[in-house]
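Colleague: Could you walk me through reading an interface and a strand pairing? I'd like the general idea each time, then the case at hand.

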Amino acid sequence: MARAGPPTPQTDSAADDTGRLVERDALLTSILETVPDAMIVIDAQGIIQTLSATAERLFGYRAADLIGRNVSILMPDADRRRHDQYIDRYLRTAEPRIIGIGRVVVGLRKNGDTFPMHLSVGEAHTAERRLFTGFVRDLTERQEFQQRLTELQSELAHMARATALGEMASTLAHELNQPLTAVANYLKGSRRLLESGTPDAVGRASEAIDLAADQALRAGEIIRRLREFVARGESEQRVEPLIRLVEEAAALALIGAQEYGVRAAFAFDPAADFVLADRIQIQQILVNLIRNAMDAMHESPRRDLTVSTHRLDRDTIRVDVADTGPGIAPLIADQLFQPFVTTKAHGLGVGLSISRTIAQAQGGELWVDAREGGGAVFRLTLKSARRAAAAEVEGAHEL
Amino acid sequence: MSSDAVVHLIDDDAAVRQSLAFLLATAGHAVRVHESALAFLENLEGLQPGCIVSDVRMPGMDGLALQRRLRELGVKLPMIIMTGHADVALAVEAMKAGAVDFIEKPFDDDLLLGAIAVALERRGDAAAQDSETARTRERLERLTEREREVLEGLLAGRPNKTIAYDLGISPRTVEIHRANVMTKMGARNLATLVRMTLAARA
């Protein structure tokens, strides 16, 4: 509908044109009122031209309050400041990063709630100007929640691995216990044999002890495979734009945030632009940290989640995930990154230990500090990608 | 052990199977090994009396499904379930379905051999079971209100942390109540506790 269509060939009568315009207006209005997706049309300056009834409901505004305003009002602070630059860059370079592609981003409702949404953008040219139409799907919608989550899992493939962290502990226990059981059986049996003093006891016991040793090695092999699973070598590291990496992870983790009553804010350091990392593994850590933060604030009166990025020096960038939960008791802070330590009613206590292993394998660190004014800040450092190197691949990796 | 009794061992892991057969042999048991529940079911004809020691998590048919199938078929061999992953809910289910014991891998040899001894003795000894049931009922009477609530949580297959959450008390307090329940009931492990409580209620 935002596509203006080919110019009308006949211009014989002004009345005809007016008639057509009226008809087109009516058509447009009916579409906007009935289209099930939230739809927002903006111009090249980012000014909202029109929007669908669903969009009004989704963002909690009335159309009259939005038309004529910059669309950035529907975005959290960090995106708000950058949105005009996004449009400028696109108009200048004609290089699409979201148009015709679609991605998961964070939206901001009138009441201040943030929520994950899928945004796809179409472009239309009219004789005088360019228009952009955004289609928004709310990813928190209850009835679609599970299905959407599943879709995201397969689309982006990282939640699958994040979930795998929890399941892995169970599988690991089972896998490791098999050889351990065999070791114990062989050794206990050998002792029984030796104590019995039967003629062939020593020979049979030595055989059994050899078999026990084999099984101990098998256990070691399982642990080695686990390590490889957790931190798959450096070959996967690439130059990645940090903001997009963080935003995507946050949008995923924030699914269902509404039910938690959590407000998410982002603060991106413009100097923290590119990192050298395995995107999926880092996103896995961030999803884990953000989910933890949301859980931690479950019973707090104030539920503010802040994700910020910082350039520390030439080689290091840091991402902070801060919450306003009860904070980490000093007693447990030291053990928090040990496996099987947890403060949750449900949970195996492997998320943070695996996250730290991944962070270290990626050349970074992961630790926790107390947040000023209460709560916790988890800090993750990453290797900064040199600007020169980044420039070469920017086009290849950003949308 | 009983001269005619055979321990039927079912586990899909070859190393576990062989090592366990070795251990049981050194303890004087006659052992038959089966690499799956289905393989065991295929050889039911002419089945030698004794007991079954089976893993839970196996491809094809798992230990619990085997337990159900055997009951349908009217095979009354006492069964000991082993698991590589301690899962309370699973233990409760197995015990409710009539397993003699539920043992977590890896285990001390005495623990398994003790369970096998119990399983082999249990065949047909109804009088002993009645007196045990009466004893269990007496012990249940001696539990406090809170201890009974914790016991209910355990029977429902809930971990300590969940029970604590449900009752609005700390996990440490649950641990203490749980320990008291075990002592008062004279149960050496959770599986025994579940088995004796369920038997007393039946």
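Modeller: Start with buried area: the accessible area (1.4 Å probe) that two parts lose on being put together, summed over both. In this predicted model, local features need pLDDT of at least 70, side-chain atom pairs count only at pLDDT 80 or more, and totals for chains, interfaces and linings use all residues. Residues are numbered from 1 along each chain as written, chains are lettered from A and ligands numbered from 1 in written order, and side-chain values use heavy atoms, leaving out hydrogens and water.

Colleague: So what area is buried between chain B and chain A?

Modeller: About 2200 Å², with carbon and sulfur atoms giving 55% of it. On the chain B side, Phe22(B), Arg57(B) and Lys161(B) lose the most area to chain A, together 27% of what that side buries. Contact (heavy atoms within 4.5 Å) takes in 26 residues from chain B and 26 residues from chain A.

Colleague: How many salt bridges are there between chain B and chain A?

Modeller: A salt bridge puts a side-chain nitrogen of Lys or Arg within 4 Å of a carboxyl oxygen of Asp or Glu. Chain B and chain A share five; one of them links Asp109(B) to Arg192(A) at 3.1 Å, N to O.

Colleague: And which way do strand 4 and strand 5 of chain A run, parallel or antiparallel?

Modeller: Strands are DSSP runs (E, at least two residues), numbered from the N terminus, and two pair if DSSP finds at least two bridges between them. Strand 4 (residues 114-125) of chain A runs antiparallel to strand 5 of chain A, with nine bridges, and a hairpin of four residues joins them. Within that pairing, Gly122(A) has Thr133(A) as its bridge partner.
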